[in-house]
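Reader: Hi, I'm new to this. Could you walk me through this structure?

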Amino acid sequence: DVAARLEDVEPKVLAFVTKTIDEAKAAAARVDDKIASGEKIGPLEGIPMAIKDNMCTEGVPTTCSSKMLHNFVPPYDATVVRKLKEAGSIMLGKVNMDEFAMGSSCENSWQEGTRNPWRLERVPGGSSGGSAASVSAGQAVFSLGSDTGGSIRQPAAFCGVVGLKPTYGSVSRYGLIAFASSLDQIGPFSRDVRDCALVMNAIAGHDPFDSTSAPIEHPDYTTFLDQSIKGWRIGVPKEYFGEGIDADVSETMQKAMKTLESLGAELIECSLPHTEYALPCYYIIAPAEASSNLARYDGVRYGFRAEEAEDLISMFSKTRSEGFGEEVKRRIMLGTYALSSGYYDAYYLKALKVRTLIKQDFDRAFEKFDVLLSPTTPSVAFSCGDRLNNPLQMYQSDICTLSVNLAGIPAISINAGFADGLPIGVQFMGKPFEEGRLLQISHAFE
Ligand code: GLN
């Protein structure tokens with residue numbers, strides 16, 4: 001009983017912001033009728049899903065885990081939600097996240113932070129913490145998250161599930177509440193690789209409502225499963241294995257490489273020399289774009305509005321100071337600073353140039369390799385509260401995932417083992433629009 005399982009673990013895991021159980025039950029009854037009457041059913045018919053609370057759902061609150069949008073009920077479905085409903089999937093509810101997807105622990109939420117199902121005093125990762133935890137805890141069969149700098153892959157690694165960040169442009173962002181538009185991408189969380197392929201089949205594809213979605217044909221992603229990786233050349237960038245990576249994680253990566261070798265792949269050390277600049281580059285570009293995207297929350301059109309303002313300007317500033325949390329304000333200030341006249345060239349423009357160099361590192365590596373391998377995170381899930389007052393330490397948790405977003409390429413995280421009962425993820429990075437090959441190697445490995 002899906003609803004019973006959800007309710008049973010929810011008081012411990014705290015994955016959901018809004019539950020839509022009654023609607024889900026009604027939809028499930030309709031599936032039964034369909035099957036009884038011999039009607040054609042969709043590829044995901046009746047499969048229960050959870051949706052990150054930054055994707056618009058018609059008639060169901062979409063809060064971004066922010067006070068600013070606590071009362072926002074969208075009049076339309078995001079393209080991904082529409083497509084999944086058309087494929088037959090049933091939504092159980094909206095799941096928790098760091099406010100506006102800014103964070104790595106799910107603690108920057110207006111709600112109470114979600115917990116890691118493997119150990120409740122640990123964080124599930126973030127920002128898509130609720131998406132990862134709900135799948136890991138057996139509440140939803142799959143979920144959707146968004147990944148701007150690691151927010152699908154890092155929580156997937158911490159919660160021991162599969163998480164895929166598709167190529168920028170593979171999946172429509174229409175109806176995704178924007179954080180950093182040149183980096184954001186929606187993708188699936190699932191318990192195994194086959195489910196990930198099935199969800200990709202449903203959500204990938206061109207959307208005229210998203211001008212950055214690629215007008216290309218996507219393959220049937222299940223055709224990549226059960227294919228050998230014999231003879232594949234896997235690049236192992238040395239920058240991802242140095243200082244700052246925990247010994248447990250390194251050991252698990254060594255074991256993963258042995259497994260891949262036994263499957264017939266060749267593992268070769270390589271270099272992505274600009275890796276060390278990814279973190280500073282990301283923390284200029286992402287906040288710059290966020291400061292612009294979040295300018296729309298002014299209390300006038302929708303969402304929260306502060307009371308007792310004297311005039312329009314004080315209404316704006318009261319609304320924004322009361323409606324946004326601390327991390328969101330920090331990003332808006334960082335971004336506004338980096339874009340202001342005099343600093344634009346020194347920071348923003350320079351970061352864009354560094355971004356190009358990072359992209360070129362990958363282009364060069366992919367001339368020689370089929371995929372690249374790295375850890376997904378430098379450590380296992382950390383304790384709740386541990387990094388909350390140390391933003392720099394929090395930002396470090398994404399050190400292995402950020403470059404992929406800057407380059408726009410796809411990457412997947414799957415479980416590679418455990419240390420002291422906590423999951424460790426391995427990350428495979430691929431060429432643009434080669435999600436199929438990432439699924440192929442992941443399925444061979446899992
Ligand atoms: N943790 C990173 C950040 O805080 C990435 C977040 C994300 O991918 N949405 O910006």
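Predicted model: local features only at pLDDT ≥ 70, side-chain atom pairs only at ≥ 80, totals over all residues.

Reader: Okay. How many strands form the open sheet, and in what order?

Author: 11 strands form it, in the order 1-3-2-4-6-5-10-11-9-7-8, with mixed pairing. Strands here are DSSP E runs of at least two residues, helices are H or I runs of at least four, and both are numbered from the N terminus. Two strands pair if DSSP finds at least two bridges between them.

Reader: Which are the edge strands?

Author: Strand 1 (16-19) and strand 8 (266-270). Each pairs on one side only.

Reader: How much are neighbouring strands turned against each other?

Author: By 30° on average, direction ignored. Axes are lines fitted to C-alpha atoms, for helices over the stretch in contact, and angles run from 0 to 180 degrees between N-to-C directions.

Reader: What packs on the sheet?

Author: Helix 7 (residues 247-262) does. It touches strand 7 (233-237), strand 8, strand 9 (371-375), strand 10 and strand 11. Its direction makes about 110° with that of strand 10. Contact means C-beta atoms, placed from the backbone, within 7 Å.

Reader: How does strand 10 pair with strand 11?

Author: Strand 10 and strand 11 (residues 422-429) are antiparallel, over eight bridges. Ala419 stands opposite Leu422 in strand 11. The hairpin has two residues between the strands, and Asp420 takes a positive phi near 55° there.

Reader: And strand 10 with strand 5?

Author: Strand 5 (residues 162-165) and strand 10 (residues 411-419) are also antiparallel, over three bridges. Gly163 has Ser413 in strand 10 as its bridge partner.

Reader: What about strand 4 and strand 6?

Author: Strand 4 (residues 142-147) and strand 6 (residues 185-190) run antiparallel, joined by six bridges. Gly145 is bridged to Gly187 in strand 6.

Reader: New topic. How do helix 8 and helix 10 cross?

Author: Helix 8 (residues 278-293) and helix 10 (residues 326-339) cross at roughly 100°, and their axes come within 7 Å. They are therefore roughly perpendicular to each other. The classes are: under 35 degrees roughly parallel, over 145 roughly antiparallel, 65 to 115 roughly perpendicular, the rest oblique.

Reader: Which residues meet there?

Author: From helix 8, Ile284, Pro287, Ala288, Ala290 and Ser291. They meet Arg331, Ile332, Leu334, Gly335, Thr336, Ala338 and Leu339 in helix 10. The contact divides into eight nonpolar, three polar and one charged. Ala, Val, Leu, Ile, Met, Phe, Trp, Tyr, Cys and Pro count as nonpolar, Asp, Glu, Lys and Arg as charged, and the others, Gly among them, as polar.

Reader: Which domains are assigned?

Author: Domain 1 (2-224) and domain 2 (280-345). The bounds come from an automatic or database domain assignment. Their centres, taken over C-alpha atoms, are 26 Å apart. The contact takes 21 residues from domain 1 and 17 residues from domain 2.

Reader: How many residues surround the ligand?

Author: 13, and the closest are Ala101, Ser104, Thr148, Gly149 and Ser151. A residue is near if its C-beta atom, placed from the backbone, lies within 6 Å. The shell has four nonpolar, seven polar and two charged residues.

Note on methods:
Residues numbered from 1 in each chain as written. Contact = placed C-beta atoms within 7 Å.
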